[in-house]
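Look over the sequence and structure first, then read the points below.

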Amino acid sequence: MLIKNGFVVTTTKAEKKDIRIVGEKIKEIDANLEPNIDEEVIEASGKYVFPGIIDSHTHFSLHARGTTSIDDFYWGGRSAALGGVTTHIDFADMEAASLMKGLEKRFEETIDSVIDFHFHMVINNHFDPLKQNHQLKEIKDFGISSLKAFTTYRDIYMLSPEKWEPLFKAASDNDLIVAVHAEDNEIIEKNIIKFQKENKLDVQYHPDIRSSEAEQKAVKEICEIAHKANASLYIVHLSSEKGYQVVKDYKKLEDFKLYVETTPHYLLLTRELLKGSKARLYLMTPPLREREDNEALWEGVKKGFIDVIATDHCAYDAEQKSKGENSLDVFPGIPGVETLLPLVYTYGVNKGLISINRLVELLSTNPAKIFKLYPQKGTIAVDSDADLVIFDPNFKEVLNSSNTHSKAEYTPFEGFEVDGLPVTTILRGKVIVKDRNFLGEKGFGRFIKAI
């Protein structure tokens, strides 16, 4: 296969080149390559060619609170592919006290995957980092690069305070990065009691219950522990200016491997959406905040304090979202994997906030490097996987439920105009989206081991 005349974009260059693919790999990148006999040619004139997008935070088939998120590994992957995402990093929960059993169980749900995937290994308070250190070596040898831990959700995921330092040390000894959902549980629980008394538990109060102060405190404490342990830390879905100011300070420490992720909804949406008849569709954790928080996070993206934009895609349909009495028990999560690339391009690159190279860094190369998938993934280079997105900057569309493809059948970015869309998605040399039509096959997606 030969891709001709596209504007090939990496973190350092953007130039008109041709790309030759042989099998699953990129074999040649140069100007004016001549097609071989019977070689398929894809014309990319006037379009960008990006490395396949890596969404490093998705929840396909998430099991929680007696239900399952509606996008499974087929439907979520299909939506992802239509958005130019060729690899996603999802989550596997530990099973009883075993990490490997949790991984094995999770793999059963990936049989219909249509894009490539990797896993964060979720631990909870049943895990003892002092006594079960050997399990970390097992998952590392299997190809896992990261753990996921929580400072909140008591009785479900929350890790006791005394376990954090040994966890970071054990993770560091096994060359694993710890991804943390950082919200202070004590602040949240006190807020719940206060707002219950005031009869203010409706979804519009969710940002006050799970406040930016809760994020700020937890981020500071977890950064302090990780830095002391000389461990690598990845803060997931940073949502607030107050949290951002903390990571901004810690990112200046040269001896601290700190990585920070945010999402399009924390960059573009505000808590005003948590009012009205559709408010529940916009409830996620952490919650939406103020316009000032959007602006602070864009500053972090622009100045390099934020390393990755992912989606935290966790889709529920309207019926699922209608269940529950208030903000404490509405299923939290929104669809987003499909709109990641066009939104960051439109509201980041086109608005002059970031360069086209920085987009590639945020959405592809950085997540590949952080989670040890690089250079197999995350770049356009000879011998890398032929994961490519042909993106048409002239393809304008107003996002709505009919032109996005999650089984949730809505987009939280309803009414947002995007200036450009992926038209062709190639995964390991196979065209899985052509002219905005999905051609992928169940089971083609593959687990990618950390390198």
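**Cavities and buried parts**

The lining of the largest cavity is made up of 4 nonpolar, 8 polar and 1 charged residues. Here Ala, Val, Leu, Ile, Met, Phe, Trp, Tyr, Cys and Pro are nonpolar, Asp, Glu, Lys and Arg are charged, and the others, Gly among them, are polar. The model is predicted: local features need pLDDT of at least 70, side-chain atom pairs count only at pLDDT 80 or more, and totals for chains, interfaces and linings use all residues. Residues are numbered from 1 along each chain as its sequence is written, and side-chain values use heavy atoms, with hydrogens and water left out.

**Cavities**

- There are 4 cavities of 30 Å³ or more (a cavity is a set of points on a 1 Å grid over the protein atoms alone where a 1.4 Å probe fits but cannot get out; lining residues have an atom within 4 Å of a point).
- The largest cavity has a volume of about 60 Å³, and P335, G336, E338, T404 and T411 are the closest to its centre of the 13 residues that line it.
- The second largest cavity holds about 50 Å³, with a lining of 5 nonpolar, 4 polar and 3 charged residues.
- Among the residues lining the second largest cavity are E338, P342, T404 and R436.

**Buried helix**

- Helix α12 (residues 340–349) is largely enclosed by the rest of the structure, because 10 of its 10 residues are buried (under 20% relative accessible area, 1.4 Å probe, protein chains only).
- P342, Y345 and G348 are among the buried residues of α12.

**Cysteines**

- C223 is buried at 0% relative accessibility, and C314 is buried at 4%.
- The whole structure has 0 disulfides (pairs of cysteine sulfur atoms within 2.5 Å).

Conventions
Buried < 20%, exposed > 50% of the residue type's maximum accessible area, 1.4 Å probe, protein only. Helix = DSSP H or I, 4+ residues; strand = E, 2+ residues; numbered from the N terminus. 1 Å grid on protein atoms, 1.4 Å probe; cavity = no way out; pocket = protein on both sides within 12 Å on 5 of 7 lines; lining within 4 Å. Points joined across faces, edges and corners; volume = space filled by probe spheres on them.
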